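Morning, everyone. Please bring the model up on your screens, and we'll walk through it together.

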Amino acid sequence: MIVGVQGSSSFKDYNSFLRGMAVAMSNLQSEDQGFYIYTAGPANINAMVMEFVNLSERGMKSRGKKIKFFKVPPSWLSENMSDIGYFAYFSTPKEQASKLVGEAELNNVEVGIFRY
């Protein structure tokens, strides 16, 4: 399963981030070989993704699945949106979602917007 992740630079709540990743992982099918997260930043979101992957690696391995993350520019996510199974966007309540959220919806990708 491929998950796209993006957020705002003001997002700081790691617990909300974990909730978003739990929702994404609930979409993981038994036939999926791995859980691949493509993160389009900014740096605070990339750091949360890296920490999440490092902490989840052992548990995923025990289930026979791989977990990896890749830092990509937003343009990469836009160009490859049809390959993404779930898109998560993280921000504070008053911020507007990015254009990638709209592109995901147009491509019938399940979208989760997490705000705190």
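Which residue in β4 is the bridge partner of Gly4? It's Phe87. Keep in mind that this is a predicted model.

That pair belongs to a bigger set. β1 and β4 run parallel, and five bridges join them. Now zoom out to the sheet. It is open and has five strands, in the order β3-β2-β1-β4-β5, with parallel pairing. β3 and β5 stand at the edges. Each has a single partner strand, so one side of each has no neighbour in the sheet. On average, neighbouring strands are turned by 20° against each other, ignoring direction.

Next, the helices on the sheet. α1 packs on it and touches β1, β2, β4 and β5. The direction of α1 makes about 170° with that of β4. α2 lies across β1, β2, β3 and β4, and runs at about 165° to β3.

Stay with α2. It has 20 residues. From first C-alpha to last it reaches 29 Å, close to the 28 Å expected at 1.5 Å a residue. Still, α2 has a kink of about 45°, centred on Ser56. Ser56 is also one of the buried residues of this helix, along with others including Ile45, Phe52 and Met60. The buried residues of α2 pack against β1, α1, β2, β3 and β4.

On to the core. Nonpolar side chains tend to be buried together in soluble globular proteins. Here the largest nonpolar core has 22 residues. Those with the most contacts inside it are Val5, Phe17, Phe35, Ile37, Phe52 and Phe90. β1, α1, β2, α2 and β4 each give two or more residues to this core. α2 gives the most, with six. Click on Phe90. Beyond its sequence neighbours within four places, Phe90 is in contact with residues including Val5, Phe17, Ile45 and Phe114. There is another core, apart from the largest one, with 12 residues, among them Ala40, Ile84, Leu100 and Val101.

Last, the backbone. Most residues other than glycine have a negative phi, and most peptide bonds are trans. What kind of peptide bond joins Gly41 and Pro42? A cis one, with omega about 5°. Pro42 sits in the loop between β2 and α2. Just after α2, Gly64 has a positive phi of about 80°. Asn108 is not a glycine, yet its phi is positive too, near 60°. Asn108 lies in the loop between α4 and β5. Is Asn108 buried or exposed? Exposed, because its relative accessibility is 72%, and the cut-off for exposed is over 50%.

Notes: Residues are numbered from 1 along each chain as its sequence is written. This is a predicted model: local features need pLDDT of at least 70, side-chain atom pairs count only at pLDDT 80 or more; totals for chains, interfaces and linings use all residues. Side-chain values use heavy atoms; hydrogens and water are left out. A nonpolar core is a set of buried Ala, Val, Leu, Ile, Met, Phe, Trp, Tyr and Cys residues joined through side-chain atoms within 4.5 Å. Buried means under 20% relative accessible area, exposed over 50%, partly exposed in between (1.4 Å probe, protein chains only). Helices (H or I, at least four residues) and strands (E, at least two) are DSSP runs, numbered from the N terminus. Contact means heavy atoms within 4.5 Å. The expected span of a helix is 1.5 Å times one less than its number of residues. The bend at a residue is the angle between axes fitted to the seven residues ending there and the seven starting there. Two strands pair if DSSP finds at least two bridges between them. Axes are lines fitted to C-alpha atoms, for helices over the stretch in contact, and angles run from 0 to 180 degrees between N-to-C directions.
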